[in-house]
Amino acid sequence: MTELTLAKALGSGLRRALTDDDKVVLLGEDIGKLGGVFRVTDGLQRDFGPDRVIDTPLAEAGIIGMAVGLAFRGYRPVCEIQFDGFIYPGFDQIVAQVAKLHYRTAGNVRMPLTIRVPYGGGIGAVEHHSESPEAYFAHTAGLRVVTCSTPQDAHSMLREAIASDDPVLFFEPKRRYWTKGDVDEDAVGLPMGKARVVVEGTDVTLVTYGPLVATALDAAVAAADDGISIEVIDLRSLSPVDFDTVAASVQKTGRLVITHEASESGGLGAEIAATLTDRCFYYLESAPVRITGFDVPYPAASWRIISCQILTAFLMGLIVRLVV
Amino acid sequence: MSTTVPAKAQKTGEKKQNPEFVQLLDPQGIRLADDLYDPWVSDVTGDQLASLYEDLIIVRRIDTEATALQRQGELGLWPPLLGQEAAQVGSARTLRPDDFVFSSYRENAVAYCRGVKLPDLVRVWRGTAASGWDPFSVGMATPAVIIGAQTLHATGYAVGCKMDGADSVAVAYFGDGATSEGDVSEAMIFAASFKAPVIFFCQNNQWAISEPVGLQAQRPIADRAPGFGIPSIRVDGNDVLAVMAATRSALDRARNGGGPTFIEAVTYRRGPHTTSDDPSRYVDPVVAKEWEARDPIMRVEAFLRSEGVLTDELAASIQDRADQVAAEFRAGCLGLKNPEPLSVFDNVYATEHTGIARQKSQYKAYLEGFDK
């Protein structure tokens, strides 16, 4: 057991994957000597060489498309997309090729790619550096989409994603890169497709993932002071969604709140609200509620940092309204 | 006959190198001398050229049959390759089994040369499967429909070959239209930077559906590659021998650590883009006629007859063989089975996905409702 930041835990996960399987190769911009702009790949090129930790030209379609070819050749590529908002030039290769090749070829060609994407806001960055594009990918058949919220999950889930024979979009909550936590590299954790009940409660089920798990936990603590018991669920996987775990919770609490930083329309919150309304209709005391980013481009950094700070209070206020 | 093909040019020296592109057999079937590319085909015998001639006849016959099948309602769509036979056969026949092809959807002659089974050529076009064959069984990925996407896959595969220490080569087939796609430029950048053993084989057939090549490129397409640091060859794509020579030289460079080569095979799409297209709206019939005169098969026939390799008897037996292949192809096509409804859920993922599993069980229950 070692205490690591979430970023370091990802790095140690990559290190283990490179060590355990010589078919694992890393591709991305600035991942070599620099160690990535967030230093997640720090030291890996030095230790595994430039053929396995590959600095690529600045072209996201190129990175993903090259990884597809490497997968045809039997490799297990891990691509780093430098920032969420930079993934769109690679979107075609991800959606039209990576997601569909196994299906297209009747299972003959596997696409065991992992595509790492730092996502979400709250770091005071400029445009294109604070987006939450996960719903595009969760909407695409053939992709698995996961996100971590703790250093232990960062390490374990990343290794599981790399070992998966399916392509995995691995969203990293960049605002939590510096969060510290104990990491046991050999821990047999919860499978990456499963949601985790982080805090048990009885009054409201609060579903979230990635960067807002910590925010939800703050809300749960604050609510407890008001005598409201919140059950916090970290989804971890956005495709598939572990609806069984969420449904079991809602059947207990009777109330459902979903929160994510991504904008509201067509987001994961809508999917979860619809499915849970269907599955738990007779258990619900009130209509499911979404608290999400607005349907606007990610606003100027200073405004959003403030909004993140008030989100806990906002969540709290809403939950109190639901319960009381 | 076992004499090699270059003999005639060396004897007569009648015609000199074509300045426009590499050409070893002109449209009249005259064998031209080319100091640079003759050595690459100096071992090709008359019999071997006759075998290529048979390939050309057969792939054209398959193509004709496929168009007929579409007109008869047996295929949803077909992209004819009429006019491009030599570019495809001449390149594909030079590859080794351990090389790997990433193509677009018109490369049916390439697929035939790689050993794809006849009915597998039309599974997609008959709508019975999402693709036709197991790529690893023939060393050829199933076609990419998104224009140019496969050039990156070929580059990645080639980088993998290099990392493995293998001397296998990846070949990307694409058209003139694809050269406008960003993926193709990115592929050339990556291939050059990583010195990947890949051949960019561009069939410039002059058309991207209705758009002429002049809309994609203001200069010969082959001129673009050197700007990426990739040597290029402009070759007469209707000359099977020249295409073979160009491809062999590129393969040699790739196998020996020299990295990528770009080949522009200048040809002409004499049919429609697909059976849904109407070229009479945009093709100048005079130009089309000119290209008919540059037919890739006629010149080989003329040469082989002048060399005494092709007799009436041999020509007739090749035509019989082509008809026989077409009959097998038709029977195989008509024998393709429709997939079971529940198979739409198969292979979306390699391992179970709970969302798909739920939808499959719901659809299964729905279908079973009809049995009650």
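Buried denotes a relative accessible area under 20%, exposed one over 50%, and partly exposed a value in between (1.4 Å probe, protein chains only). Helices (H or I, at least four residues) and strands (E, at least two) are DSSP runs numbered from the N terminus. The structure is a predicted model, in which local features need pLDDT of at least 70 and side-chain atom pairs count only at pLDDT 80 or more, while totals for chains, interfaces and linings use all residues. Residues are numbered from 1 along each chain as its sequence is written, chains are lettered from A and ligands numbered from 1 in the order in which they are written, and side-chain values use heavy atoms, with hydrogens and water left out.

In a regular strand the side chains alternate between the two faces of the sheet. Because 5 of the 5 residues of β2(A), residues 24-28, are buried, the strand is largely enclosed by the rest of the structure. Strands are taken to pair if DSSP finds at least two bridges between them. β2(A) pairs in the parallel sense with β4(A) (residues 76-80) over 5 bridges, and A:Val24 stands opposite A:Arg76 in that strand. A parallel pairing over 3 bridges also joins β2(A) to β3(A) (residues 53-55), where A:Ile54 is the bridge partner of A:Leu27.

A:Asp234 lies in strand β11 of chain A (residues 230-234). The residue is buried but has no salt bridge, and the nearest side chain of opposite charge, A:Arg196, is 4.8 Å away. For this assignment Lys and Arg count as positive and Asp and Glu as negative, whereas His and the chain ends are not counted. A salt bridge requires a side-chain nitrogen of Lys or Arg within 4 Å of a carboxyl oxygen of Asp or Glu. The side chain of A:Asp234 instead makes a polar contact with that of A:Ser149 at 2.6 Å. A polar contact is a pair of N or O atoms within 3.5 Å; within protein, one must be able to donate a hydrogen and the other to accept it, and residues adjacent in sequence count only if both atoms are side-chain atoms. Beyond neighbours within four places in sequence, the contacts of A:Asp234 (heavy atoms within 4.5 Å) include A:Asp153, A:Thr208, A:Tyr209 and A:Val213.

Over all chains, 48 salt bridges are found. In one of them, A:Arg16 and A:Glu185 meet at 3.1 Å, N to O. This pair links distant parts of the chain, 169 residues apart: A:Arg16 is in helix α1 (residues 6-20), and A:Glu185 is in the loop between β8 (180-183) and β9 (196-199). Both residues are partly exposed, A:Arg16 with a relative accessible area of 23% and A:Glu185 with 29%.

In chain B, the side chains of B:Asp295 and B:Arg270 form a salt bridge at 2.7 Å, N to O. B:Asp295 is in the loop between α10 (285-292) and α11 (296-306), and B:Arg270 is in the loop between β7 (261-266) and α10, 25 residues apart. B:Asp295 is buried at 3% relative accessibility, whereas B:Arg270 is partly exposed at 25%. A salt bridge also joins B:Arg305 to B:Glu301, with the closest N and O atoms 3.6 Å apart. These residues are 4 apart in helix α11 of chain B, so about one helical turn separates B:Arg305 from B:Glu301.
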